[in-house]
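I opened this structure with a notebook beside me. These are my entries, in the order I looked things up.

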Amino acid sequence: MKKLGFGFMRLPLNNPNDATSVDMNQLFKMVDIFMEKGFTYFDTAYVYHKEQSEIYLKKALVERYPRDKFTIATKLPLPRVNSIEDNQKIFNEELEKCGVEYFDYYLLHAMNRERFEKAKKFKSFEFIKEMKSQGKIKHIGFSFHDDVNLLEEMLIEWPETEFVQLQINYLDWENPSIQSRKCYELATKYNKPVIVMEPVKGGSLVDIPNKAQELMKKYNPSASIPSWAIRYAATLDNVMMVLSGMSNISQVEDNISYMKNFIPMVDKEYQIINEVVDIINSSIAIPCTSCQYCVDGCPNNIPIPKYFALYNAELQALNKGFSTQQTYYENMTVSMSKASQCIECGKCETSCPQHISIIAGLKKVAEVFEN
């Protein structure tokens with residue numbers, strides 16, 4: 001397989017405020033372009049797009065192409081598993097939603113300490129091993145959002161793991177919370193191929209500071225800014241696949257342009273990346289990837305990632321006069337809860353794979369936009 005995978009987490013929307021308003025006509029074209037260029041790996045999950053992503057995959061891919069022409073990965077949502085029987089129930093539902101008789105890759109989703117204990121309690125890994133033995137799964141693994149010590153504990157507990165899915169990008173490579181490098185090196189030590197998620201960190205490595213963009217463009221004027229992030233991850237020896245959550249046709253075409261005949265990074269490019277990391281770290285206040293996990297459990301339905309994106313943009317804005325971010329914030333709070341309406345229950349922070357201090361972040365948002 002080519003090293004680029006199509007992530008069904010950030011699909012094109014007709015209404016940006018409605019995750020179920022997927023532009024199916026555009027999605028069909030995106031899938032067609034992807035397949036025509038020889039790319040075959042598609043990644044979805046039970047929870048994406050308000051639990052509709054697997055259905056969109058069925059419509060855009062499964063119903064339109066022969067089963068042996070593409071590869072599907074999806075995931076078991078541990079928060080939905082509350083009994084041993086739930087493993088089978090959810091798995092059967094996913095098979096039906098995707099319209100397939102087997103999955104090529106199946107993962108325990110977004111594992112952390114809490115979910116690891118839950119998976120052991122309800123024998124979720126034993127279940128996916130059994131599904132593999134029945135031919136309903138070809139390869140089993142898990143996606144991971146925690147520290148390297150837990151990762152090693154899981155790999156020892158579950159030696160049958162065939163691959164791990166890790167958050168890897170040039171900004172998180174040495175991040176002490178994400179620990180991309182340490183987790184990658186541990187997976188390599190245990191001979192587990194790595195699938196990369198969040199290579200452009202939820203889009204934050206697309207809209208980087210101008211000074212950083214200038215460094216990249218000076219070296220290679222024709223290379224897009226996202227290409228640096230995707231190629232950085234794909235150059236790693238033990239990486240088997242890099243997922244990209246593509247949201248429009250132009251993103252598909254851009255990714256394909258440099259991944260069709262992939263060229264690994266060279267030393268000079270790594271030097272530029274290191275300079276870019278320093279520039280970005282000096283400007284980004286809250287490293288949110290807009291995964292939306294924090295929103296699901298918020299009792300006041302605060303659109304946390306959207307507010308953090310506005311906050312980061314406000315701090316990076318060159319024009320300190322009129323604030324478009326302020327305008328967007330005020331427009332959003334007409335129909336959504338304000339940042340100041342956070343009751344500090346902490347549900348968001350326990351579900352955040354980036355380990356962000358969300359409560360403190362919302363207070364900063366309120367300070368900037370509500371005062």
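I began with strand S7, residues 194-197, and found both of its faces covered. Val194 and Val196 are buried on one side, and Ile195 and Met197 are buried on the other. I took buried as under 20% relative accessible area, exposed as over 50%, and partly exposed as in between, with a 1.4 Å probe and protein chains only. Helices (H or I, at least four residues) and strands (E, at least two) are DSSP runs, numbered from the N terminus.

I noted the ground rules here. The model is predicted, so local features need pLDDT of at least 70 and side-chain atom pairs count only at pLDDT 80 or more, while totals for chains, interfaces and linings use all residues. Residues are numbered from 1 along each chain as its sequence is written, and side-chain values use heavy atoms, with hydrogens and water left out.

**Entry: the partners of S7**

Which strands pair with S7? Strand S6, residues 163-167, runs parallel to S7 and is joined to it by 4 bridges. Two strands pair if DSSP finds at least two bridges between them. Gln165 has Ile195 of S7 as its bridge partner. I then followed the chain from S6 through helix H8, residues 180-189, to S7, and this β-α-β crossover is right-handed. That term means that, with the strands pointing away from the viewer, the path from the first strand over the helix to the second runs clockwise.

Strand S8, residues 239-244, also pairs with S7 in the parallel sense, over 3 bridges. Val242 in S8 stands opposite Val196.

**Entry: helix H6**

Next I looked up helix H6, residues 124-133. Ser124, Phe125, Phe127, Ile128 and Met131 are buried there. Why do they lie on the same side of H6? They do so because they cover an arc of only 155° around the axis. The arc is that of the directions from the helix axis to the C-beta atoms.

I listed what the buried residues of H6 pack against: strands S3 (71-76), S4 (103-111) and S5 (137-144), and helices H4 (84-98) and H5 (113-121). After H6 comes Gly135, with a positive phi near 85°.

**Entry: the cores**

I searched for nonpolar cores, meaning sets of buried Ala, Val, Leu, Ile, Met, Phe, Trp, Tyr and Cys residues joined through side-chain atoms within 4.5 Å. The largest has 91 residues. Leu108, Met111 and Phe142 are among those with the most contacts inside it. A second, separate core has 22 residues, including Ile286, Ile358, Ala366 and Phe369.

Ala110 in strand S4 has a positive phi of about 50° although it is not a glycine. Ala110 is buried, at a relative accessible area of 6%. Lys50 also has a positive phi, near 55°. Lys50 lies in helix H2, residues 48-51, and counts as exposed at 56% relative accessibility.

**Entry: cysteines**

How many disulfides does a search of the whole structure find? The search finds 0. I counted a disulfide as a pair of cysteine sulfur atoms within 2.5 Å. Cys298 has its closest cysteine sulfur in Cys345, 6.5 Å away and too far for a bond. The sulfur of Cys348 is 5.9 Å from the closest one, in Cys342, again too far. Cys298 is buried at 12% relative accessibility, and Cys348 is buried at 8%.

Leu310 lies in helix H14, residues 304-316, and is buried at 11%. Leaving aside neighbours within four places in sequence, Leu310 is in contact with Gln325, Tyr328, Tyr329, Met332 and Phe369. The C-alpha atoms of Leu310 and Ser124 are separated by 39 Å.

Arg231, in helix H10 (residues 225-235), is buried with a relative accessible area of 11%. Arg231 and Lys3 are 228 residues apart in sequence, and 9.8 Å apart in space from C-alpha to C-alpha. Not counting residues up to four places away, Arg231 touches Tyr258, Phe262, Ile263, Pro264, Met265 and Glu269.

Technical notes
Contact = heavy atoms within 4.5 Å.
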